[in-house]
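Please look over the sequence and the model shown below before reading on.

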Amino acid sequence: MMDVKRRYVIPGDVIASGPLRPEQNVYQEGDRIISTCVGISEIFENAVRVIPLTGVYVPKTNDLVIGKVVGTSPLSWEFDINSCFIGFLPAQDVFGRDYSPTKDELKQRLNIGDLVAARVANFDRSRDPLLTVQDRDLGKIDSGELIEISPSKVPRLIGKRGSMIQTIEMATKAMITIGQNGWIVVSCENSEGLLKAIEAVKMVDALAHTPNLTERVKSMLGVPEGENNDTIND
Amino acid sequence: MKIMTQLMTEDGIRCDGRRVDQLRNISIKVGVLKNADGSAYIEFGKNKILAGVFGPRDVHPKHMANQDTGILRCRYHMSPFSVTERKNPAPSRREIEISKVLKEALQPALILKDFPRTVIDVFVEVLQADGGSRCAALDAAAVALADAGIPMRDLVSACAAGKVADRIVLDVNNEEDQEGQADMPVAIMPNVGKVTLMQLDGILTTEEYKTCLQTAIGGCRTVYEIQRKALVEKYFESGDK
């Protein structure tokens, strides 16, 4: 943690020059490394990257996303995954290998408007993202409240090693499913906990760039000081 | 020829009280439209311009989509009440030209390869016009694009220079544009050091051309600082709200 250099940058800012490796949201010109978005730059172990503060969700393989069914084709469902690309869930993924478009009706399993937790199985620039529900905890979401936050703030909501989300879940006894695309489903058995959890998620979205956020969320939720000490303030 | 308003006094003060190398007052606000992905509002002297960015999103009509890269669409529009005589809201020849010019000035700054099959729409609405609106529009659009989080090589900063009463002046206003001798809008990418827009309306000698271009680039750099301040204000200085 010691040698991470952080700085606020806007597009076009030269972050560093020299033999460094450009990673996310930067590009190299000559030996200069330049930011491509508004965010916080990080130089860590010779790698330079920028954590964006704004922008749309770009799918990555293995991301957990929450999608809404917007349409069906004979062999697949189409999902709105809060991105500029439409997610595809092949029918075989749900019905199994012996799926036949003449026999099975897609809408019996997932109808338009249903929310689904899915994983991005494959995505590259030549094709739209392919989703899968073949894993534990994936599939149709039956209950809960959907909240939309900015996708660039999802890492903050999770926190270092999940500290933020654990704090919220423990304090409110709510179940929170976070999609990397900025869609979040909160479910809780008692309504008070649900409202508290929603408020906490919205607070993280609004104050994501401020320091000591975990402490602030704790005090908002009324968690006594000193609990869950493994949080890191930055 | 009709008698012109005096554009410049003998000691080099212009019709609106500025010196030859002085910009008008500029203020930029970021994120003014809730429904747009990115937006900006600029006041450039008496120009008042709103820019909204939508996207990257699905391309409609579909045949415009490019499999290899995203595309950029720009619409520059003047409100009917933006000028003294009501302007017909239908896109005029001039607006179509400026839309094209804005698109071509912004495109080199954007990294559209990351978003194949999508479109980024930039809408620019001139609420009040006072000369040099294409430069002001470009400044607002660049900030709005950064606000939308579109990957960019650099911001685009624009400013005009021109020739008025035989002298090279920075940031030509409406009167000077109508009655002056030359008008040269210039847009640059300040960190990359490249020019993305250069138009010239009027006649300049080679020497004058060089000074004019340098004056305009100097103005662009001042504008860049204001753009930068506006973005920093929105993203990094609202810590305690």
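Gly149 of chain B, which comes just after helix H2(B), takes a positive phi of about 80°. The model is predicted, and the predictor gives the complex an ipTM of 0.86 and a pTM of 0.89.

**Helix H2 of chain B**

- Helix H2 of chain B runs over residues 133-148 and has 16 residues.
- From the first C-alpha to the last, H2(B) reaches 22 Å, which is close to the 22 Å expected at 1.5 Å a residue.
- Why is H2(B) described as largely enclosed by the rest of the structure? The reason is that 16 of its 16 residues are buried, where a buried residue has 20 or more other C-beta atoms within 10 Å of its own.
- The average pLDDT of chain B is 93, and 96% of the residues score at least 70.

**Contact between the chains**

- Chain B brings 25 residues to the contact, and chain A brings 19 residues.
- On the side of chain B that touches chain A, at least two residues each are supplied by strand E3 (47-58), H2 and helix H4 (206-236) of chain B.
- Helix H4(B) gives the largest share of that side, namely five residues.
- Sorted by class, the side of chain B that touches chain A has 15 nonpolar residues, five polar residues and five charged residues.

**Overall form of chain A**

- Chain A contains six helices and 16 strands.
- The C-alpha trace of chain A spans about 60 × 50 × 25 Å along its principal axes.
- Of the 234 residues in chain A, 37% count as buried.
- Contacts in chain A between residues at least 6 apart in sequence include 56% that join residues at least 24 apart.
- The domain assignment of chain A gives domain 1 as residues 5-52, domain 2 as 64-141 and domain 3 as 145-221.
- The centres of domain 1 and domain 2 of chain A, taken over C-alpha atoms, are separated by 36 Å.

**The open sheet of chain A**

- Four strands of chain A form an open sheet in the order E1-E6-E7-E3, and their pairing is mixed.
- Strand E1 (5-9) and strand E3 (21-22) of chain A stand at the edges with a single partner strand each, so one side of each is left without a neighbour in the sheet.
- Strand E1(A) pairs with strand E6 (residues 39-44) of chain A in the antiparallel sense, over five bridges.
- Which residue of E6(A) is the bridge partner of Arg6(A)? That partner is Glu42(A).

**Strands around E5 of chain A**

- Strand E5 (residues 32-35) of chain A pairs with strand E2 (residues 14-17) of chain A in the antiparallel sense, over three bridges.
- Within E5(A), Ile33(A) stands opposite Ala16(A).
- Strand E4 (residues 26-29) of chain A also pairs with E5(A) in the antiparallel sense, over four bridges.
- Tyr27(A) has Ile34(A) of E5(A) as its bridge partner.
- The hairpin of E4(A) and E5(A) has two residues between the strands, and Gly30(A) in this hairpin takes a positive phi near 65°.

Definitions and conventions:
Residues are numbered from 1 along each chain as its sequence is written. Chains are lettered from A and ligands numbered from 1 in the order in which they are written. This is a predicted model: local features need pLDDT of at least 70, side-chain atom pairs count only at pLDDT 80 or more; totals for chains, interfaces and linings use all residues. Domain bounds come from an automatic or database domain assignment. Two strands pair if DSSP finds at least two bridges between them. The expected span of a helix is 1.5 Å times one less than its number of residues. A residue is buried if 20 or more other C-beta atoms lie within 10 Å of its own, exposed if 12 or fewer, and partly exposed in between; C-beta atoms are placed from the backbone. pLDDT is the predictor's confidence in each residue, from 0 to 100. Two residues are in contact if their C-beta atoms, placed from the backbone, lie within 7 Å. Ala, Val, Leu, Ile, Met, Phe, Trp, Tyr, Cys and Pro count as nonpolar, Asp, Glu, Lys and Arg as charged, and the others, Gly among them, as polar.
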